[in-house]
Amino acid sequence: MKTIHQWFAEYGVSHQNPTNKLIHWFAVPTIYFTVFGLLWQIPMPFTLFAEQQITWPLLLAMPVLGFYFSLSFAIGLAMTLFTALVVMLIRAYEQHFSMDIWLVSLLLFSVMWVFQFIGHKIEGKKPSFFQDLQFLLIGPAWLMGFILQKLKIHY
């Protein structure tokens with residue numbers, strides 16, 4: 001299994017251009033959010049508790065967060081906190097707006113992927129996930145790695 005540093009080094013090869021990097025700072029966290037939003041309203045076929053708070057994105061987050069923790073405790077913890085923020089934002093959105101979260105997420109998801117491909121066109125290199133789909137999970141962690149470095153937290 002690759003280390004977090006190996007993943008980041010490979011991912012970084014196609015993310016050198018400053019414009020592409022800037023686009024990724026906006027697009028990657030937004031896409032992470034929108035994946036949750038797209039799955040949020042799909043009904044669960046079962047209920048575990050009377051007042052169910054379990055959703056599909058929360059269930060799918062468990063192995064994703066497990067992947068992050070397997071690479072680095074600090075990255076895993078940071079991504080868990082970011083995931084919790086995403087869930088809080090979706091719940092706040094539901095309380096304040098009437099438009100379904102999946103619809104807003106679909107729009108943002110589409111726009112952000114257009115920007116991602118523009119960034120890679122500027123970069124002159126294909127997105128990393130064309131090489132390995134796991135890079136779709138590395139993108140958010142790669143950005144989190146920069147935040148942790150700024151905070152002087154080793155991962």
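This is a predicted model: local features need pLDDT of at least 70, side-chain atom pairs count only at pLDDT 80 or more; totals for chains, interfaces and linings use all residues.

Trainee: Which helices do the buried residues of α5 pack against?
Mentor: Residues 101-123 form α5, and its buried residues include Ile-101, Met-112, Trp-113 and His-120. Residues three or four places apart in an α-helix point the same way, because there are 3.6 residues a turn. The buried residues of α5 make their contacts with α1 (4-13), α2 (18-40), α4 (73-96) and α6 (135-150).

Trainee: How far does α5 reach from its first C-alpha to its last?
Mentor: Helix α5 has 23 residues, and at 1.5 Å a residue the expected reach is 33 Å.

Trainee: Are α2 and α4 parallel or oblique to each other?
Mentor: Two packed helices are described by the angle between their axes and the distance between the axes. For α2 and α4 the axes are 10 Å apart and the angle is about 55 degrees, while angles under 35 degrees would count as roughly parallel. The crossing is right-handed, and the angle therefore makes α2 and α4 oblique.

Trainee: Which residues of α4 meet α2, and how many residues of the contact are nonpolar?
Mentor: From α2 come Pro-29, Tyr-32, Phe-33, Phe-36, Gly-37 and Trp-40, and these meet Met-79, Phe-82, Thr-83, Val-86, Val-87, Leu-89, Ile-90, Arg-91 and Glu-94 of α4. Sorted by class, the contact of α2 with α4 has two charged residues, two polar ones and, as the nonpolar count you asked for, eleven.

Trainee: How many residues in the contact of α3 with α6 are nonpolar?
Mentor: The axes of α3 (residues 56-71) and α6 come within 11 Å and cross at roughly 60 degrees. Val-64, Phe-67, Tyr-68 and Leu-71 of α3 make the contact with Leu-137, Ile-138, Pro-140 and Ala-141 of α6. None of these residues is polar or charged, and the nonpolar count is eight.

Trainee: Is Lys-152 buried or exposed?
Mentor: Lys-152 lies in the segment after α6, and its phi is positive, near 60 degrees, although the residue is not a glycine. Its relative accessible area is 70%, and because over 50% counts as exposed, Lys-152 is exposed.

How values were computed:
Residues are numbered from 1 along each chain as its sequence is written. Side-chain values use heavy atoms; hydrogens and water are left out. Helices (H or I, at least four residues) and strands (E, at least two) are DSSP runs, numbered from the N terminus. The expected span of a helix is 1.5 Å times one less than its number of residues. Buried means under 20% relative accessible area, exposed over 50%, partly exposed in between (1.4 Å probe, protein chains only). Contact means heavy atoms within 4.5 Å. Axes are lines fitted to C-alpha atoms, for helices over the stretch in contact, and angles run from 0 to 180 degrees between N-to-C directions. Angles under 35 degrees count as roughly parallel, over 145 as roughly antiparallel, 65 to 115 as roughly perpendicular and the rest as oblique. A crossing is left-handed if the near helix is turned anticlockwise from the far one by less than a right angle, and right-handed if clockwise. Ala, Val, Leu, Ile, Met, Phe, Trp, Tyr, Cys and Pro count as nonpolar, Asp, Glu, Lys and Arg as charged, and the others, Gly among them, as polar.
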